[in-house]
Amino acid sequence: MHSDVGEGYLQWRAASAALFLLLGALLAMFFVSDVFFVRSIVVRGNDLMPREEIFAYSDIADFHMFWLDPAQIREHVLRSPSVADAVVQLGWPPELITILVEERQPAMIWSDAGAESWIDLQGRTMPARAEMPHVPRVNLVKDDYAGPMPSADEFNAEMVLGALQLIERLPEGANLDFHPVHGLGWTNDQGWQVWMGRGSASETSEKLKMYEVLVADLNNRSVDIAELNIANPDAPFYRVLWER
């Protein structure tokens, strides 16, 4: 009787030891096996950004799956100026991490002597990643200006909306200009250089009304204009080529 009890106890101890060793081996495998470390990620929703760039922003290369924090990974990815939103999903090998991204879309292209940046509707600047022939362009015009040069970062959401209002007035095939002093402008269909400053959407609407009045008046007077400047609506001025 005592022999049977002792034998059963030894069998239980042996089974417990075997189970302990098995769990230890599994735990060691989790922490040692390469498949549980992040070597790459799955990215969906990216049309323009390469997967490698999103992986670099995630800042989780060589992390173990037990150390991954989806909220923190999302914050890291959102550091990219090209990402509007991101959703991070944790999984199991071979797809430990899946990131669904929503990319920002350009509303305008800023061009400085051929060096391009994109600007979205919120005025956020990002790298130009592809040819966008249907997106309006804003060309930096330097002339003889010797002061600090503006950049795409000059734009905020209100300025973008104002610029888009002006773009609607451009002759077909024309682009918007940006001067360090005079702000936004364009060459109208009569060949006049028009400047409108850096106003918000509401300010631009008022300046466009003033523009229509001034153009009508100057045309009635048969005045040929080189430049019409409404950057300061309280003191608009123009330069004359000739007047009859």
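Student: What do the buried residues of H4 pack against?
Tutor: They pack against S4, S5, strand S8 (176-179), strand S9 (183-187), strand S10 (193-197) and helix H5 (201-220). One caution: this is a predicted model, where local features need pLDDT of at least 70, side-chain atom pairs count only at pLDDT 80 or more, and totals for chains, interfaces and linings use all residues. Residues are numbered from 1 along each chain as its sequence is written, and side-chain values use heavy atoms, with hydrogens and water left out.

Student: Where do the labels H and S come from?
Tutor: Helices (H or I, at least four residues) and strands (E, at least two) are DSSP runs, numbered from the N terminus. The protein chain has five helices and 12 strands.

Student: Back to H4. Which of its residues are buried?
Tutor: H4 covers residues 157-167, and Met159, Val160, Gly162, Ala163, Leu166 and Ile167 are buried there. Buried means under 20% relative accessible area, exposed means over 50%, and partly exposed is in between (1.4 Å probe, protein chains only).

Student: Why are those residues on the same side of H4?
Tutor: They cover an arc of only 165° around the axis, which puts them on the same side of H4. The arc is that of the directions from the helix axis to the C-beta atoms.

Student: What caps the N-terminal end of H4?
Tutor: Asparagine 156 does. One of its side-chain oxygens lies 3.1 Å from the backbone nitrogen of glutamate 158. That is a polar contact: a pair of N or O atoms within 3.5 Å. Within protein, one must be able to donate a hydrogen and the other to accept it, and residues adjacent in sequence count only if both atoms are side-chain atoms.

Student: Now H3. Which residues are buried there?
Tutor: In H3 (residues 70-77), they are Ile73, His76 and Val77. Seen down the axis, the buried residues of H3 fall within an arc of 95°, so they line one face of the helix. What covers them includes helix H2 (51-58), strand S2 (83-90) and strand S3 (97-103).

Student: And which residue caps the N-terminal end of H3?
Tutor: Aspartate 69. A side-chain oxygen of aspartate 69 is 3.1 Å from the backbone nitrogen of alanine 71.

Student: Switching to strands. How many residues of S4 are buried?
Tutor: Four of the five residues in S4 (108-112) are buried, so the strand is mostly covered.

Student: What does S4 pair with?
Tutor: S4 pairs with S5 (residues 115-119) in the antiparallel sense, over five bridges. S4 also runs parallel to strand S7 (residues 137-140), and three bridges join them. Two strands pair if DSSP finds at least two bridges between them.

Student: Which residues are bridge partners?
Tutor: Among them, aspartate 112 has alanine 115 in S5 as its partner. Tryptophan 110 has valine 138 in S7.

Student: What about alanine 113, buried or exposed?
Tutor: Exposed, at 76% relative accessibility. Alanine 113 lies in the loop between S4 and S5. Its phi is positive, about 55°, although it is not a glycine.

Student: Where is arginine 124?
Tutor: Arginine 124 sits in the loop between S5 and strand S6 (125-127). It is partly exposed, with a relative accessible area of 29%. The side chain of arginine 124 reaches the backbone oxygen of serine 80 at 3.4 Å.

Student: Which peptide bond is cis?
Tutor: The bond from proline 93 to proline 94 is cis, with omega near 10°. Proline 94 is in the loop between S2 and S3.

Student: Last one. How much of the protein chain is buried?
Tutor: Buried residues make up 36% of the 244 residues.

Technical notes
Contact means heavy atoms within 4.5 Å.
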